Amino acid sequence: EALCERRGVECTVTMLHDAPATQMDEAIVAGLQAASEASQPLLARILAAAPPGSKPSAASSEPGSCSNSDYKVSVPRLTSGAGHDAMEMATAGPSGMLFVRCGNNGISHSPLEMVADADVAAATAALLTYLRKEVF
């Protein structure tokens, strides 16, 4: 409302949805983090097999891009305000989230959103590693 006032426009704020935060399951979060760290050899094989033109380049400024042999994944724990997916999945049972880094300065939920191929490969390797340990 203060922004609207400063810009000289009228606005109305209407609360359409209010829901409590959803706590992620600690065991799943820890398992995803460990799988992300353990998936480095699989990630190296995925990146080595990538078709020409799709491999990350050391000269690229794309987030997550570097030479295939040097691609390393940082595995931070994130607190997220993303409620839509987590709230729905938590109704089915314990859940955790694995984030894929957004390129383009972190723009998300926008037509400008993008992800680097290497970051998608890293998330795929981590998820496969987690599922192999926990499910298969």
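Predicted model: local features only at pLDDT ≥ 70, side-chain atom pairs only at ≥ 80, totals over all residues.

Guide: A disulfide is taken here as a pair of cysteine sulfur atoms within 2.5 Å. By this rule the count comes to one disulfide. Residues are numbered from 1 along each chain as its sequence is written, and side-chain values use heavy atoms, with hydrogens and water left out.

The disulfide joins Cys 4 and Cys 11, with sulfur atoms 2.5 Å apart. The torsion about their S-S bond is about 120 degrees, so the disulfide is right-handed. For accessibility, buried means under 20% relative accessible area, exposed over 50%, and partly exposed in between, with a 1.4 Å probe and protein chains only. Cys 4, at 17%, is therefore buried, while Cys 11, at 33%, is partly exposed. Of the 136 residues of the protein chain, 25% count as buried.

Helices (H or I, at least four residues) and strands (E, at least two) are DSSP runs numbered from the N terminus; the protein chain has five helices and zero strands. H2 covers residues 26-38, and its 13 residues should span 18 Å at 1.5 Å a residue, which agrees with the 18 Å between its end C-alpha atoms. The expected span is 1.5 Å times one less than the number of residues. The buried residues of H2 are Ile 28, Gly 31, Leu 32, Ala 35 and Ser 36. Viewed down the helix axis, these buried residues fall within an arc of 135 degrees, so they line one face of H2; the arc is that of the directions from the helix axis to the C-beta atoms. An α-helix has 3.6 residues a turn, so residues three or four places apart point the same way.

Contact means heavy atoms within 4.5 Å. What covers the buried residues of H2 includes helix H3 (40-48) and helix H5 (117-134). The buried residues of H5, in turn, pack against H2 and H3; among them are Asp 119, Thr 129 and Tyr 130. Ser 95, in the loop between helix H4 (84-90) and H5, is buried with a relative accessible area of 10%. Leaving aside neighbours within four places in sequence, Ser 95 is in contact with residues including Asp 25 and Ile 28.

A nonpolar core is a set of buried Ala, Val, Leu, Ile, Met, Phe, Trp, Tyr and Cys residues joined through side-chain atoms within 4.5 Å. The largest has seven residues: Leu 42, Leu 43, Leu 47, Ala 118, Ala 121, Ala 122 and Ala 125. H3 and H5 each supply at least two residues of this core, and the largest share, four residues, comes from H5.
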